[in-house]
Amino acid sequence: TIAFYLPGMIRVGEAIGPESWVKVVAIYPRIELLKDQFAEAFRMARTIDQTLAQHGRRPLIIGALFGMTPTRATRQQLIDKKWVRRGEDFVCPWMRCPRPKCDGELVWHEADIRAGTERLTCAQHGCNGQVGEDQIILTRSRLQRHPPDILFTTTEMLNQRLSDHWMR
């Protein structure tokens, strides 16, 4: 994974500019493999954030488009997409806390959902890890408005969306 993604991420970092566009499409045949590789690529992307900042570039933004990706940031969308609830919050189904030695659940807090803020917070007591909008895209509407640098999807989703004018 490192041998494949790290050189690609460096090239993506070189291409970051003022406009948002998908620079890499990572296509997986199975959702579980997509989830695993998304989490690994996300962790790897964070290792080059400081280098990108030193060169005046923003962090790499990664997004996922598959069945559990909600259209908008609403409670009902998350319920419909079968995100697990923790009180008033919802657990991200494809990623866990990327902080070293943590691996706690990442939750989308009710207050952030209401505000339309795509931010995940680690639910592990004492961790306080966060994944912000400058690193991840959680909804289809934001994928469309501000495409990520790297988009993870499945072969099935890609096939379904090729003829979808809204998502194309």
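Trainee: Which residue in β8 does Gly63 stand opposite?

Mentor: In this model, which is predicted, Gly63 stands opposite Ile137 in β8. That pair belongs to the parallel pairing of strand β2, residues 62–65, with β8, where 2 bridges join the strands.

Trainee: In what order do the strands of that sheet lie, and is the pairing parallel or antiparallel?

Mentor: To read a sheet, follow the strands from neighbour to neighbour. Here 4 strands form an open sheet in the order β1-β9-β2-β8, and the pairing is parallel. The strands β1 (24–28) and β8 (136–137) each have a single partner strand and stand at the edges, so one side of each is left without a neighbour in the sheet.

Trainee: How should I think about the side chains along a strand?

Mentor: In a regular strand the side chains alternate between the two faces of the sheet.

Trainee: What is the order of the strands in the sheet that holds β3?

Mentor: That open sheet is formed by 5 strands in the order β3-β4-β5-β6-β7, with antiparallel pairing. Its edges are β3 (84–86) and β7 (130–131), each with a single partner strand, so one side of each is left without a neighbour in the sheet. Going through the pairs, strand β4 (residues 89–96) is joined by 3 bridges to strand β5 (residues 105–108), running antiparallel, and Val91 stands opposite Val107 in β5. Strand β5 is in turn joined to strand β6 (residues 120–122) by 2 bridges, again antiparallel, with Leu106 opposite Cys122 in β6. Finally, β6 and β7 pair over 2 bridges in the antiparallel sense, where Leu120 has Val131 in β7 as its bridge partner.

Trainee: Which strands does α2 lie across, and at about what angle does it run to β9?

Mentor: Such a packing is read from the contacts and from the angle between axes. Helix α2 lies across β1, β2, β8 and β9 (150–154), and runs at about 170° to β9. The helix α2 also lies across β4 and β7, running at about 85° to β4.

Trainee: Why does the length of helix α2 agree with the number of its residues?

Mentor: One compares an expected span with the distance between the ends. Helix α2 holds 16 residues (31–46), which at 1.5 Å a residue should span 22 Å, and because its end C-alpha atoms are 23 Å apart, the two agree.

Trainee: Which residues of α2 are buried?

Mentor: The buried residues of α2 are Leu34, Lys35, Gln37, Phe38, Ala39, Ala41, Phe42, Met44, Ala45 and Arg46. Take Lys35 as the case to examine: its relative accessible area is 16%, and it therefore counts as buried, the cut-off being under 20%. Apart from neighbours within four places in sequence, Lys35 is in contact with Phe66, Met68, Pro93 and Trp94.

Trainee: Is Arg30 buried or exposed?

Mentor: Arg30, which lies in the loop between β1 and α2, has 61% relative accessibility and so counts as exposed. The C-alpha atoms of Arg30 and Glu118 are separated by 25 Å, the two residues being 88 residues apart along the chain.

Trainee: How many helices and strands does the chain have, and what radius of gyration?

Mentor: The chain has 7 helices and 9 strands. For 168 residues a compact globule would have a radius of gyration near 15 Å, and the chain has 15 Å, which agrees. Of the 168 residues, 47% count as buried, and among contacts with a separation of 6 or more, residues 24 or more positions apart account for 60%.

Methods:
Residues numbered from 1 in each chain as written. Predicted model: local features only at pLDDT ≥ 70, side-chain atom pairs only at ≥ 80, totals over all residues. Heavy atoms only, no water. Expected span 1.5 Å × (residues − 1). Buried < 20%, exposed > 50% of the residue type's maximum accessible area, 1.4 Å probe, protein only. Pairing = 2+ DSSP bridges. Contact = heavy atoms within 4.5 Å. Axes fitted to C-alpha atoms, helices over the stretch in contact; angles between N-to-C directions. Rg over C-alpha atoms; globule rule 2.2 N^0.38 Å.
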